[in-house]
Amino acid sequence: MLPCLNKSLFGIDCTGCGAQRAAVLLFRGEFLQAFHMYPAIYSLAILLLFLLFNLFIKFKFDYNIKIGLIMFNAVIIGGAYIFKMIHIFN
């Protein structure tokens, strides 16, 4: 696994900490553990699948769907990060 530069320099998790481990858990079939490791893993997977699908098939409103999925991921990642930071410092 690649080390987190933010965590090694500042000692604080970044918003992506846990994503690599969650991806490995997801590929191993440990779905619940992947979600607990990084809650945005499934929404990111949906976004990546949509982006790959959209490379080959173009359709109406694809830009709006992309922006919606990106915003949805940002909310999940931000919320999970805030939740993690609150529980670390308590």
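Me: In this predicted model, is I76 buried, partly exposed or exposed?
Reply: The relative accessibility of I76 comes to 22%. Buried would need a value under 20%, and exposed one over 50%. Since 22% falls in between, I76 counts as partly exposed.

Me: Where does I76 lie, and which residues does I76 touch beyond those up to four places away in sequence?
Reply: I76 lies in helix 5. A40 is 36 residues away from I76 along the chain, yet their C-alpha atoms are separated by 5.9 Å. Leaving out residues up to four places away in sequence, I76 touches P39, A40 and S43.

Me: Let's look at N73 next. Is N73 buried or exposed?
Reply: N73 lies in helix 5, which spans residues 62-88. Its relative accessible area is 3%. Because buried means under 20%, N73 is buried.

Me: With which side chain does the side chain of N73 make a polar contact?
Reply: Leaving aside neighbours within four places in sequence, N73 is in contact with A40, S43, L44 and L47. For one of these, the side chains make a polar contact at 2.6 Å. The partner of N73 in that polar contact is S43.

Me: Which residue makes a salt bridge with D13 at 2.7 Å?
Reply: Side chains of opposite charge can pair when their charged atoms come close. The 2.7 Å distance runs from N to O, and the partner is K7.

Me: How many residues apart are K84 and D13, which also meet in a salt bridge?
Reply: The side chains of K84 and D13 meet at 3.6 Å, N to O. The pair links distant parts of the chain: K84 is in helix 5, and D13 is in the loop between helix 1 (5-10) and helix 2 (19-28).

Me: Which residues do salt bridges that share partners join into one network?
Reply: The count of salt bridges comes to 2. D13 pairs with K7, and D13 also pairs with K84, a partly exposed residue with a relative accessible area of 25%. The network joins K7, D13 and K84.

Notes: Residues are numbered from 1 along each chain as its sequence is written. This is a predicted model: local features need pLDDT of at least 70, side-chain atom pairs count only at pLDDT 80 or more; totals for chains, interfaces and linings use all residues. Side-chain values use heavy atoms; hydrogens and water are left out. Helices (H or I, at least four residues) and strands (E, at least two) are DSSP runs, numbered from the N terminus. Buried means under 20% relative accessible area, exposed over 50%, partly exposed in between (1.4 Å probe, protein chains only). A polar contact is a pair of N or O atoms within 3.5 Å; within protein, one must be able to donate a hydrogen and the other to accept it, and residues adjacent in sequence count only if both atoms are side-chain atoms. Contact means heavy atoms within 4.5 Å. A salt bridge is a side-chain nitrogen of Lys or Arg within 4 Å of a carboxyl oxygen of Asp or Glu.
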